[in-house]
Amino acid sequence: MVFLFITMANFFQNDRFINRHIGINQDELAHLLSAVGVTSLDQLISETIPKNIRSKSKLNIPEALTEYDYLQELKQTSTQNLVCKSYIGLGYYNTITPSVIARNVFQNPGWYTQYTPYQAEIAQGRLEALLNFQTMVSDLTALPIANASLLDEGTAAAEAMSMFYSLKNKRNKGESFNEFFVDQGVYPHTIDILQTRATPLDIKVVVGDWKTYEFTDRTFGVLLQYPAMNGAVEDYRTFTAKANAQNLYVTVAADLLSLALLMPPGEWGADAVVGNTQRFGVPMGYGGPHAAYFATKDEFKRQIPGRIIGVSVDAQNNPALRMALQTREQHIRREKATSNICTAQALLAIMASMYAVYHGHKGIHGIAQRIHGLTQNLAKKIKALGYELVNDTYFDTLSVGVKNTDALQEIALTNEVNFFYTNGQVHISLDETTSLEDVNLIATIFAKAKNTAFVDVVLNGHREAIIPNALVRSSAYLTHPVFNSYHTETKMMRYIKRLENKDLSLTHSMIPLGSCTMKLNAATQLIPVSWEAFANIHPFAPLDQTKGYQKIFTELEAYLSEITGFAACSLQPNSGAQGEYTGLLTIRAYHEANGDTHRNIALIPSSAHGTNPASAVMAGMKVVVVKCDENGNIDVTDLKAKAEQHSTNLSCLMVTYPSTHGVFEAAIQEICGIIHQHGGKVYMDGANMNAQVGLTSPGAIDADVCHLNLHKTFAIPHGGGGPGMGPICVNESLAPFLPKHKLVETGGKQGISAVSAAPWGSASILLISYAYIKMLGRDGLKSATEYAILNANYIKARLEDKYDVLYIGEQGRVAHELILDLRPFKAVVSAEDVAKRLIDYGFHAPTLSFPVAGTIMIEPTESESLDELDRFCDAMLAIREEIEEIAQGTYSDDNNVLHNAPHTLALVAADEWDLPYPRSKAAYPLAYLKEGYKFWAAVGRVNNAKGDRHLICTCPPIDMYEEKFSEVSSRANN
């Protein structure tokens, strides 16, 4: 008989999440420490982070939960949310996500762990899906150019206002055109964001009635809602013709689904059409994330904000997709940029595009017709009860005059139904999920409010013309074969998989992008985002229906404040760039509250990410650049001189920490002290927060505000270019100025107006970061940071004999990332050559030519295993040998494995092979590639310049590929 010795330890779960999240196990730790040249993690950290800013105590965060225990706890929390039937509308609707899309895109790491498609050769799948998105938007709006998504409808409207303000005043020598008219039928949360964006730029937002408004000599543009907030389908044609005649820009915020039935704004004079694609199969998620859209005329293609996917060719002259017009990115234009948008909502745009692909023209038209028919049915039943409709035209929304809205609301809530109530009116917006039974329940609620019984109205087959005949759509849309080929689940499943297989994601290998933190996005963190209790709640639902969400927000704000060493947090900004912008606006509001309205100078180091100066300009500040020294640190002497020079008007310093060069600057507290001495505030960019958590903090370096990229440090997936979240944390001096919201109580006592359409931004994905913190706990969070720093220094140790590491700290250490200098090899290869050759080795390239041209920046994160780190290092060392072969003349400068990379399967398997090196060298340069680690690029190296010269941003006809590219090739050869 065998007796087992049992202790209390046996009763505790030992399957800890930290062991699943961190890639290095305890057996491997000693090897890494030895390679780096230290005896412990503590020694490495002490040699990396200045002692004066090291945390003196543990984080005040609960101990870690196991994955199982976390999910059980969250299930209990979710029961505090009440999922009511929502008819609130205002840009957010119940929708049906086709299961084939939910399963194969939304819940698939092959899609959600991809990075922004800067490396086009390994991103052809999502580029095609995003091109489909652009085509869908272009077709429905009847405008030729659409971008690949924006953050939300309010932000898209603000981007349009800014774009047209810049265009109207570009060559204006006199008094600026600074009035922007907004019709009162525009959503109130959109108007709130417009006010936020307009104030720092001295734009005057004039809200009024389009029917009576008269343009002034200062007006530069207008914004209309179509259909209007009350549901009315207004005929704006005369108004827009008048605006067009006076060279004023017309922006229309349109319900994209309604354009299946309504004449699109592009056909009646709109210069830009913006809106949300949420109702194309993307859950409400208590506010997001969703993909906004922005369509405009061809003449504005070089001013349109955000990303555009375009068609080009590869090195073998095959059609290939890429992000077009990339010179508009902020790291190029910096303070001259008119937008700080550097991300999108790619994953959600892909879902919306797949929705259109799956349903096609007939399906989309049928969905819109059904919703409209049910709305007509409801209108007749409500009118039969003696109610008066405010709008006699509509698509899906009715506004009903009600004397006692409180009484009706009480009855509705008893039936778990939400309407939108305003000024004696009840707005009812129907959607794809509405049934005839739902319509009858709504009618019953209205009947009870009149103390009468609902008697179903017998409706004949004839429907009245509710949409004006002149505004009924007659033009075709979604005619491209991609929208008419995949309507069975089998074909749709295979199409999605075919696109997925073209793209490299974290399911294939590590993505070592510096300053991007492509760490594990754990399944347990993501699963609850799909739960009905979180996915199907309207962002403007009554707060007492969202107690589960409020509990999570309260805890997450406290955790993030503790991690950053600050007093308060706002979760509203729905991207990192929005977080930057919001942080600067709180500083601006602080100075204004103190009567220092003249403080408008932002000092920004020359190494800063391009969104920093762009955000500063958007916040009404003037940018003064501070030099960096030869070690990549801020030049303290130059900083002192410029702080002194601009002392009276100094608003803030924007600083990234650790620096954009991947080093902890020892003088950081002195730097912050100089700014405070001159009355300014310090904004810390949180892009590199993955090197701080648990070891130091923005508060410890004496910053005043920081934003956090939850899609980096706190494990929200990048989704192929979005979603992201950029909450800000602030000290006590800035806490009163955190952003409010027009429709939901939130923010500081003196809070700025909203920066996002929803009060908590993309609320549903906050669950991911919440789970990350809960399952790592205080000790796990610290360990994650330590291993991120260890892995970066391990790569440095393995590569520094063959490559120059550009910047290191005072004791020879890097933080969580490192920069390799490829400029010594520029006589034979470029940094781009190295990036493309890495694809042949199965890896996504590190960050290319940022922050220094001709370099690559590597960030391994804490999630990668030793064997993966070694594979990457082996690849880099093999490439170094290939560079040497070229330098020694073994291969020519213009015909070698780097110059010709990446090598596609079609190229390697072709009958003819005329390259000077063997196929095996091209495709399988290291043994591990034959063991299942090979990834084939879908296309050869993409020709960027050719794609910009011949810009095609919608799905071209199939025959156009052959005609266009033979023509382009002919010109190139000539």
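**Reading cores and burial in a predicted model**

Modeller: In this predicted model, the largest nonpolar core has 289 residues, and M136, Y226, M354, F419, I428 and F446 touch the most other members.

Biologist: Which helix gives this core its largest share?

Modeller: Helix α12, residues 346–384, supplies 20 residues. There is also a second, separate core of 24 residues. Among its members are A602, A619, M621 and V755.

Biologist: What is the general idea behind a core?

Modeller: Nonpolar side chains in soluble globular proteins tend to be buried together.

Biologist: Which residues does M136 touch, beyond those up to four places away in sequence?

Modeller: M136 touches L256, T277, F280, A352, S353, A356, L478 and F483.

Biologist: Is V730 buried or exposed?

Modeller: Look at relative accessibility; under 20% means buried. V730 has 0%, so V730 counts as buried. V730 sits in strand β22, residues 728–730.

Biologist: What is V730 in contact with, leaving aside neighbours within four places in sequence?

Modeller: V730 is in contact with F566, A567, A568, D704, V705, A735 and L738. Now take N404, 326 residues from V730 along the chain. The C-alpha atoms of V730 and N404 are 43 Å apart.

Biologist: Why does D870 count as buried?

Modeller: Apply the cut-off again: under 20%. D870 counts as buried because its relative accessibility is 18%. D870 belongs to helix α25, residues 866–887.

Biologist: Which side chain makes a polar contact with the side chain of D870?

Modeller: That of R798, at 3.0 Å. Setting aside neighbours within four places in sequence, D870 is in contact with Y794 and R798.

Note on methods:
Residues numbered from 1 in each chain as written. Predicted model: local features only at pLDDT ≥ 70, side-chain atom pairs only at ≥ 80, totals over all residues. Heavy atoms only, no water. Helix = DSSP H or I, 4+ residues; strand = E, 2+ residues; numbered from the N terminus. Buried < 20%, exposed > 50% of the residue type's maximum accessible area, 1.4 Å probe, protein only. Contact = heavy atoms within 4.5 Å. Polar contact = N/O pair within 3.5 Å; in protein donor to acceptor, adjacent residues only side chain to side chain. Core = buried A, V, L, I, M, F, W, Y, C linked by side-chain atoms within 4.5 Å.
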